[in-house]
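Please look through the sequence and the model below before reading on. The points that follow are meant to be checked against them one at a time.

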Amino acid sequence: MITLDHLGDMRRTHSCGQLRLGDVGQTVTLMGWVARRRDFGPLTFFDLRDRDGITQVVFNEETAPRAHGRAKDVRGEYVIAIVGRVVRREPGQRNAKIETGEVEVHADEIYILNDARTLPFQLEVASSDGLASEDLRLKYRYLDLRRPQLQKNLRLRHQVVREIRRYMDEQGFTEIETPVLIKSTPEGARDYIVPSRLHRGGFYALPQSPQLFKQLCMIAGLDKYYQIARCFRDEDLRADRQPEFTQLDVELSFATLEQIYTLIEGLFASVFKVIDAQLPVPFPRLSYAEAMRRFGSDKPDLRFGMELQNLASALEGTMFPAFQTALAAGGEVKGIVVQGGAALPRKTLDELQEYVKRYGASALAWIKLADETSSSLLKALGQETVTRMAETAGAKPGDAVLIVAGKAKTVAASLGALRNEVARREKLIPENVYAPLWVTEFPMFEFHEDDGRYYAMHHPFTSPLDEDLPLLERATEGGETELLGRLRAKAYDPVINGVELASGSIRIHRRDVQRLIFKALGMTEDEARSRFGFFLDALEYGTPPHGGIAPGIDRLMMVLSGTDNIRDVIAFPKTASAADLMIDAPSEVDPRLLEELHIKIVKD
C-alpha cells in the first residue's frame, strides 16, 4: 500500500500554469493532480494540472533516484507536490499547446498527498464527441469540473459577475437582497412551494423572480436597485433552461425606455469586453410584429439573412388546396431562400420536412433553381407559378426556396426554426460575431385556445403603451374583449445571436390601470386582493413611474463561452428532468419530518 505524505507547512510557489522562460533556474514548489503519466524507464514524465494549467514535470533516476522511485507508484489523478528546478525545454520538445510549453520542472522531491481510484470516465478526450454521457458526468460532477473548459467557463462567470457589479455601482445602483421565502402567486410558470412547520397548512413559494419586491423598492424611494438573484421555476426544461437560475435583477424610478436601453447596452458592452469582444452600440431595434414578420421569431439571429418572404402575391388564382385553404382562412404562404441550396440532396430535404412538422407545419415544399428548375410543387402548380414564386422570394440561380403554408403562427414558428436549423447545417453562421438587437412593443396578452382565455405575455405588472390605454378600457369596461389581442406593451427584450438575454418592461404604477389588467386576466376583485392585496395597497401611497429588466446570467454565459448547453456554465446543474444525479435529489424525506409538517403522501 502506498504511503501518503503530510502537507505540513509546505506552500506552493507557483501554479501549474504560471512558469515561463523568465523562471528558468528557479527552485519551485508545485501542487496539483497528475493529469498524465509517461514512463520511459530512467525518465518518468508527469503532466501536473491545477486550475491555472499544466506543467510538465520530469523525474530522472540518475539525478533524483528517491523521487524517481516514488514517482513509479503514482497514477492518474493522484494529488502530489513536487520541488524542483525550472529548465528550458530542448527546441524539439517544446509544446505550443500549453502556456508553460517552453519549460519543464526537473523534480528533486515528490510528496504524495492523496491517491485516487480509477475515474469512471476520461477527462482528456480529443473532442466533445468523445466525452462520456452527460448523465454519467453529472453523477460525478466534481470530476467533470476538473476539465479545463468547465473551469474556464466558471472563472469567466466570476469575471462577468464582478464586471456587472462594478458597472452597476458606477451607475449609482444599490444592491439589495429580497426574500427567498415568499407568497405563491401562480400566474404563468409553476411555483416551487415550501411547507411551513409553524403555520399548519400554510406554504411559502420560492421566487420565480423578485418582481414585486423590486417594485416595492421603488415605492420605498430607493430609486436604483439591483440584485444578483437566484430564481426558481417548476417548469419543463430545455437546453437553455434550469429549474433554478441566476439573473441580474434591475429596477429604477422615473425610467424612460431610452434610459433603460442605454443602461443595458452599456452593461452588455462592458461585459463583452471581458472576452475582448466589441458590441455595436446602440443596438438596432425591431418591434415584435416586425421581428415575427421578417424572421418568424421574437429572438431572431441577425448574423445571417434568410428572412421570411411572403409568397401570397405569386399565388393569385391558384387552386392548389394546401395554399388556397391557408390563404382563404387568413393564413400565410411564406418561404426562405437558401443561397446555394439547389445542391441540397433529397435526403436533407426529407429531414427538413420532418423538422418543420415538430412546429406544427403539415409539409415543407421546395423549389431548386439549378440548370433546370425543379420543385415538389411543379405537378400541382405548373412551371409558370413555380417560377413566379421563386422570383417573388428573390431567389437566384443555384438557390433553393423552402416553403410552408398554414396559420400565421404556425408558419412563423416553422420557418423561424427552419431558418436557424438550415444556417447551422449549412455553416452559414459566422464565428466570433455578435449581433445584438432590441425586440420591442410586445403584445400585452396572448390568447390560449385550449382554455379560451388571455394570459399576460410577460407578466401582469407590465404597462401598456400610453396610446393603447383606451383599448384596455374598452376591452375590460366595455366588454370588447377581442381588443385585448391588439394591446401593445412597454416591454423589451435584448437579443444577441438568437438568444433572449433578458426580459424587461416599464411597470404599471397606477392602481386603476393595474385593476384593469387583473380584470382582463379574468381575476375578480377578491382574487386580485387575495393574491396581490399588499401590492395594490402599496400602489396607493405615491408610486413613481418605474421600469426594469432582468438579464439571465446563465444564458449570457452561454453566449460568452460559446456553448449551447446551459449546464456547461453552471457549477452544479440539474438534468433535463430537474434531477440532481450527484446528490440523488429530489428524494424521499424522513416520515417524521412530513408528520411535523402535517403532510401526507397519497399514493397513485
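**Notes on the predicted model**

1. Arginine 567 sits in the loop that joins α16 and α17 (591-596). The model is a predicted one. Is arginine 567 buried or exposed? Its relative accessibility is 9%, so arginine 567 counts as buried, the limit being under 20%. Leaving aside neighbours within four places in sequence, arginine 567 is in contact with Glu134, Leu138, Arg141 and Gln242, and also with Pro573, Lys574, Thr575 and Ala576.

2. With a relative accessible area of 11%, glycine 17 is buried, because buried means under 20%. Neighbours within four places in sequence aside, the contacts of glycine 17 are Asp50, Asp52, Gly53, Ile54, Thr55, Glu99 and Thr100. Between glycine 17 and threonine 563 there are 546 residues in sequence, and the C-alpha to C-alpha separation in space is 24 Å.

3. Two or more lining residues come from each of β1 (27-40), β2 (43-50), β3 (53-60), α2 (134-139) and α4. Which element gives the most to this lining? The answer is α4, with seven residues. By type, the lining of the second largest pocket divides into 18 charged, 14 polar and nine nonpolar residues.

4. The largest nonpolar core consists of 40 residues, and Ile164 and Val250 have the most contacts inside it. The elements giving two or more residues to this core are α4 (148-170), β9 (224-232), β10 (244-253), α6 (257-272), β20 (491-496) and α16 (553-561). Of these, α6 gives the most, with eight residues. In soluble globular proteins, nonpolar side chains tend to be buried together.

5. Valine 250 deserves a separate look. Not counting residues up to four places away in sequence, valine 250 touches Met168, Phe173, Lys214, Tyr225, Tyr226, Leu263, Arg507, Gly548 and Ile549.

6. Strand β17 (residues 436-440) is mostly covered, with five of its five residues buried. In a regular strand the side chains alternate between the two faces of the sheet. On one side of β17 are Pro436, Trp438 and Thr440, on the other are Leu437 and Val439, and all are buried, so both faces are covered.

7. The partners of β17 are β11 and β20. Strand β11 (residues 285-287) pairs with β17 in the parallel sense over three bridges, and serine 287 has threonine 440 of β17 as its bridge partner. With β20 the pairing of β17 is antiparallel, over five bridges. Here tryptophan 438 stands opposite proline 494 of β20.

8. Finally, an open sheet is formed by five strands in the order β12-β13-β16-β14-β15, with antiparallel pairing. Which are the edge strands? They are β12 (309-310) and β15 (373-375), each of which pairs on one side only. Within the sheet, β13 (residues 332-338) and β16 (residues 400-406) pair in the antiparallel sense over seven bridges. Glycine 335 stands opposite isoleucine 403 in β16.

Key:
Residues are numbered from 1 along each chain as its sequence is written. This is a predicted model: local features need pLDDT of at least 70, side-chain atom pairs count only at pLDDT 80 or more; totals for chains, interfaces and linings use all residues. Side-chain values use heavy atoms; hydrogens and water are left out. A nonpolar core is a set of buried Ala, Val, Leu, Ile, Met, Phe, Trp, Tyr and Cys residues joined through side-chain atoms within 4.5 Å. Buried means under 20% relative accessible area, exposed over 50%, partly exposed in between (1.4 Å probe, protein chains only). Helices (H or I, at least four residues) and strands (E, at least two) are DSSP runs, numbered from the N terminus. Contact means heavy atoms within 4.5 Å. Ala, Val, Leu, Ile, Met, Phe, Trp, Tyr, Cys and Pro count as nonpolar, Asp, Glu, Lys and Arg as charged, and the others, Gly among them, as polar. Two strands pair if DSSP finds at least two bridges between them.
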